[in-house]
Amino acid sequence: MRAVSSPFDENELRLRGRRAWVKSAVLTAASAMALSSRARSGATNRESRGASNQPSGKPTPGFGNKMVGFMLAHEQFPVAQLVELGIAAEQAGFDLLATSDHLQPWQANEGHSGAAWATMGALSQRTSRVWMGTTVTCPTFRYNPAVVAEAFVTLGSLAPGRIFLGVGSGEALNEQAAIGSWPKWPERSERLIEATGIIRQLWTGQQIVHEGAYYKVNARLYDPPPKTIPLLMAANGPKAMHRAGLHADGLITDPKTWKEHKSEFEAGAKAAGKDASKMPVLVEQYVVVGDEGDAERAAELWRFGPKAFKSYYNIRDPKEIQQRADSEVPLEKVYGDWPVSKDPAVHARTITELFDSGATIVNIHCGQEDQKRVIEFYGKDVLPRIKHG
């Protein structure tokens, strides 16, 4: 892949990157303090926010407490269906809805790629309690960070106190496909840090004049968020885990990365003067409610998973990703670590173990076609077994 040419030499890029880091670190610390303050008063706020318009009387959960989420996979289902699934998930007792944010699906056989922000906008008017956010939005190429800041302020006005933003450094299937540009990881990481700082600055509602290594923004958001919008950063390796600890309010990752590189996240948080134990950690957990045959059918659509962030993230074409995954990744390797069972105790145990490891949000992702059956199973038989709070 060709790296994007830059008008700056390497030393200048490093200098500008350090300056962007300082700005972002200051804003990150301020945001973390606000998030921590809200968490301390969470019980009172939860009662006042959610009970009045939620039929069950269950209040909006405080973000960062133990939560179970449900993944709305834009790769696998059309938007209209995802909206209905999100409504059903809230009614079943899930605390959070996460949405993938892609221009194209990872594999061509997944078949869909609706716009995540539109889904969240529709769900803001059809739900009253669940938190909603992206896992994840790339705010550096096909989306300008100023546009991301505006979009999530707008979503926050539609669902006050229920929106979070998850950000990441992107994949070629989205960014290169949309604008033809896909630089190497160091630049993508630097862009993410700078973009995160811009978003935070714009969320203050003040006029900002930003001239960084990659972005120049002179703007003001005239509708700043009335409530703190938690900003989480995705990570799938040790360097990215450290970066998330430094620059984000919390983390989005997978069970394996969390267990292997948790210390990097904690070290990054410590370097930024934050307490990692008080930061939200969202872990995406694939599940199957059924037998091995059900697991194999689901795994066919998510076969890229084991190599997604080892090599496939550099591939622009979903058809090529699918072809390579079919030839390189055995199905049993895809679902080998998933809980595959009709026994609710198996699913509950997986969630509890992740909570015990320090994760605060377990986001359930099921690749099965019958999503309603999975939601009903969790609502009736699994979620009641999970101790929240």
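Mentor: Two packed helices are described by the angle between their axes and the distance between the axes. Here the axes of α3 and α4 come within 10 Å and cross at roughly 45 degrees, which makes α3 oblique to α4. Axes are lines fitted to C-alpha atoms, for helices over the stretch in contact, and angles run from 0 to 180 degrees between N-to-C directions. Angles under 35 degrees count as roughly parallel, over 145 as roughly antiparallel, 65 to 115 as roughly perpendicular, and the rest as oblique. This is a predicted model, in which local features need pLDDT of at least 70 and side-chain atom pairs count only at pLDDT 80 or more, while totals for chains, interfaces and linings use all residues. Residues are numbered from 1 along each chain as its sequence is written, and side-chain values use heavy atoms, with hydrogens and water left out.

Trainee: What is the handedness of the crossing of α3 and α4, and which residues meet there?

Mentor: A crossing is left-handed if the near helix is turned anticlockwise from the far one by less than a right angle, and right-handed if clockwise. The crossing of α3 and α4 is right-handed. Val-79, Leu-82, Val-83, Gly-86 and Ile-87 of α3 meet Thr-119, Ala-122 and Leu-123 of α4, where contact means heavy atoms within 4.5 Å. These residues divide into six nonpolar, two polar and no charged. In this scheme Ala, Val, Leu, Ile, Met, Phe, Trp, Tyr, Cys and Pro count as nonpolar, Asp, Glu, Lys and Arg as charged, and the others, Gly among them, as polar.

Trainee: How do α4 and α5 pack?

Mentor: Their angle is about 15 degrees and their axes are 9 Å apart; α4 and α5 are therefore roughly parallel to each other. The crossing of α4 and α5 is left-handed. On α4 the contact is made by Trp-117, Met-120, Gly-121 and Ser-124, and on α5 by Val-147, Val-148, Ala-151, Phe-152, Leu-155 and Leu-158. The residues of this contact comprise eight nonpolar, two polar and no charged.

Trainee: How many of the residues of α4 are buried, and what covers them?

Mentor: Buried means under 20% relative accessible area, exposed over 50%, and partly exposed in between, with a 1.4 Å probe and protein chains only. Helix α4 (residues 116-124) has seven of its nine residues buried, including Ala-116 and Leu-123. The cover includes β1 (67-72), α3 (79-92), β2 (96-99), β3, α5 and β4 (163-167).

Trainee: How does the contact of α7 with α8 divide into nonpolar, polar and charged residues?

Mentor: Helix α7 (residues 185-203) and helix α8 (residues 238-247) pack at about 15 degrees, with their axes 12 Å apart, and are therefore roughly parallel to each other. The contact involves Trp-185, Ser-189, Leu-192, Ile-193, Thr-196 and Arg-200 of α7, with Lys-239, Ala-240, Arg-243 and His-247 of α8. Those residues divide into four nonpolar, three polar and three charged. α7 passes α8 in a right-handed crossing.

Trainee: Where is Thr-140 found, and is Thr-140 buried or exposed?

Mentor: Thr-140 lies in the loop between β3 and α5 and is buried, with a relative accessible area of 3%. Leaving aside neighbours within four places in sequence, Thr-140 is in contact with Arg-191, Leu-192, Ala-195 and Tyr-215. Thr-140 and Ala-195 are 55 residues apart in sequence and 6.4 Å apart in space, C-alpha to C-alpha.

Trainee: How many helices and strands does the chain have?

Mentor: The chain has 14 helices and ten strands. Helices (H or I, at least four residues) and strands (E, at least two) are DSSP runs, numbered from the N terminus.
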